[in-house]
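Subject: Structure for your files

Hello,

The structure I mentioned is below. My notes follow it.

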Amino acid sequence: MLRFFYVIAGNLYRAWMIPKMGYYAKHPEKYSESFRYEYDRHAIRLMNHTGRIHTKAYGVQNLPEEGGYVMFANHQGKYDALGIMLTHDNPCSVVMDDARSHTPLVKQFIDMVDGKRLKLDDLRQGARIIREVTNEVMQGRKFIIFPSGGYGHRNGNYVDPFKPGSFKSAMKAKAPIVPVALVDSWKVFDLWSLRKVWTQVYYLKPIRYEEYKGMKSVEVAQMVYDRICAAIQEAERGNPDLAVEK
């Protein structure tokens, strides 16, 4: 957490950006989705510069060129969604735990991209979020979902099991599923160090509806899990090109 507090302290003089982001989020009629998304990315770049954080993406060419899709990624820590957004040029949103989404700056980040807040203990609200994501993906929006539902600070690239229910929105929308493998993202805020840190984002080949048509959510979850685990293994061996082929 040392880097987390260092980044906050190093950007206190930019605190005026927080209410500005809140204003942008409240007035989507004035500020387009692209504008708000780019402002979020601007804030991420400032944070990364202060915290000596570097992120490299592989497999960007795998991302579908048109239409909506859902990216499913392994979850390692607080930096995960930021690393994906930083390397994903087209506007995308995120589904996250409601309990973690109301702290200053996090709230503004989520509101700027019209993120979805999921109450893990409220089944009815969860069903509504699934419907909302389904409808918006069908309209062309892109989302980030962490199907493990959380993360454990185990200082490594271990992949927690995926919850099959997380995949229902993409399956109902008959949309491409894009597995995303995050490597060393945990190092950003878990290492007790201020040395430069490098993280990696691997965009794997999309799984089209035709490929998972007729499969159960349990099967889809396992397929995505296996591909992400295989990609991480290749990445740790130093084979980024092979990783994005998984």
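Which residues of α10 are buried? They are Ser217, Val220, Ala221, Met223, Val224, Tyr225, Ile228, Cys229, Ala231, Ile232, Glu234 and Ala235; buried means under 20% relative accessible area with a 1.4 Å probe, protein chains only.

This is a predicted model, in which local features need pLDDT of at least 70 and side-chain atom pairs pLDDT 80 or more, while totals for chains, interfaces and linings use all residues. Residues are numbered from 1 along each chain as its sequence is written, and side-chain values use heavy atoms, without hydrogens and water.

Helix α10 covers residues 217-236; helices (H or I, at least four residues) and strands (E, at least two) are DSSP runs numbered from the N terminus. From first C-alpha to last, α10 reaches 29 Å, close to the 28 Å expected at 1.5 Å a residue (1.5 Å times one less than its number of residues). Just after α10, Gly238 has a positive phi of about 85°.

In strand β5 (residues 142-145), Lys142 and Ile144 point one way, Phe143 and Ile145 the other, and all are buried. β5 pairs in the parallel sense with β2 (residues 69-73) over 4 bridges and with β3 (residues 93-97) over 2 bridges; pairing requires at least two DSSP bridges. Phe143 stands opposite Val70 and is also the bridge partner of Ser93.

Regards

Conventions: Buried < 20%, exposed > 50% of the residue type's maximum accessible area, 1.4 Å probe, protein only.
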